[in-house]
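Subject: Structure handover, with notes on salt bridges and helix packing

Dear colleague,

Please find below the structure I promised to pass on to you. My notes on what was found in it follow directly after.

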Amino acid sequence: MGLSTASTAIADEDCEAPSIGLALGSGGAGGLAHIAMLAVFEDLGIRPDAVAGTSIGAIVGSLYAAGLKAGEIQAVFREFGGSALDPLSGLADDGDAPGWRDLLEVDLANGSFIDADPFLTFIAGKIQARRFSELDIPVQIIATNYWDGREHVFREGDLFVAIKASMAVPGVFTPVRFDGKLLIDGGASNPLPLDLLSDHDIVVAIDVTGARAQDDDDPPGLTDLLFKTFEIMQQSIIRSKIELEPPDIYIKPELNGIRLLHFDRVDRIVEQVRGDAEGLREKLQAIGRCK
């Protein structure tokens, strides 16, 4: 199996390139590391044949599948991230870019701290696609049915309904009612949807669940305990999936000091995972060209 790349490809009409499935995982703002991974695909002249994304992976994957390049996606979050958002400490904007105060609204009446609709409106303004059928690359977006705990996979219909459901972190973003279900964050059931891509020759999985450095002198606060406990659950699910069906390429970027809602730190995150991106580059280049 293998890939053709911009730097190493040799014309060979008898060589059939393998199909590539790219799984972009859940992980809050840490998922902005996906941008650095997409930049590697672009540099090598590789385009995935399909993308499956959960939560932030669904957002970044959809923007990419709609035609935005990695640098353009980074610019979108740079524009949006006027400030970090901690739902228990208030909002603080700086500069002229639209910030969290402008784009998110408290929505306690609907079971959440934040109404994501202003954010989704902002994202929608950056692409033409509104439905799955309008994307350049097929995308699967994962949410979770609150009532039975099973994953719900969107493959068609309204793209932004799917994204809103997939990113509905319990207690933070409003759940989505759809087709008789109450949908919450896909990370609760399938945080790294590599299993949905098993029909492809090569599966690349990007796991952006972060690390927790032990610090006995600075115990975690309430929000850290809540969000990191959710992340521990996701990591357990991911380990089980990888044991059952290992992806061809698995990348887990080194993410430290990044909280769930640190979307203002996109440049720092992309820079922090540069070494991991180079690791992905090496793994892609190590694969042969033909099936």
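R281 counts as buried, at 19% relative accessibility, where buried stands for under 20% relative accessible area, exposed for over 50%, and partly exposed for what lies in between, computed with a 1.4 Å probe on protein chains only. Before going further, please note that this is a predicted model, in which local features need pLDDT of at least 70 and side-chain atom pairs count only at pLDDT 80 or more, while totals for chains, interfaces and linings use all residues. Residues are numbered from 1 along each chain as its sequence is written, and side-chain values use heavy atoms, with hydrogens and water left out.

Salt bridges

A search of the whole structure gives nine salt bridges, a salt bridge being a side-chain nitrogen of Lys or Arg within 4 Å of a carboxyl oxygen of Asp or Glu. In one of them, R281 meets the side chain of D43, with 3.1 Å from N to O. This pair links distant parts of the chain, as D43 sits in helix α1 (residues 33-43) and R281 in helix α9 (residues 274-286), 238 residues apart; helices here are DSSP runs of H or I with at least four residues, strands are runs of E with at least two, and both are numbered from the N terminus.

In the pair of K164 and D117, the closest N and O atoms of the salt bridge are 2.8 Å apart. Here K164 lies in helix α6 (residues 159-166) and D117 in helix α5, so parts that are 47 residues apart in sequence are tied together. K164 is buried at 18% relative accessibility, whereas D117 is partly exposed at 34%. Salt bridges that share partners also join D43, E278 and R281 into one network.

Packing of α3 and α5

What angle do the axes of α3 and α5 make where they cross? They cross at roughly 140° and come within 11 Å, the axes being lines fitted to C-alpha atoms, for helices over the stretch in contact, with angles running from 0 to 180 degrees between N-to-C directions. The two helices are therefore oblique to each other, given that angles under 35 degrees count as roughly parallel, over 145 as roughly antiparallel, 65 to 115 as roughly perpendicular and the rest as oblique. On the side of α3 the contact is made by V76, F77, E79 and F80, and on the side of α5 by F119, F122 and I123, contact meaning heavy atoms within 4.5 Å.

Two buried residues

S19, in the segment before β1 (20-24), is buried with a relative accessible area of 18%. Although S19 and D201 are 182 residues apart in sequence, their C-alpha atoms are 5.2 Å apart in space. Q74, placed in helix α3, is buried with a relative accessible area of 15%, and, not counting residues up to four places away in sequence, Q74 touches I35, V266, D267 and V270.
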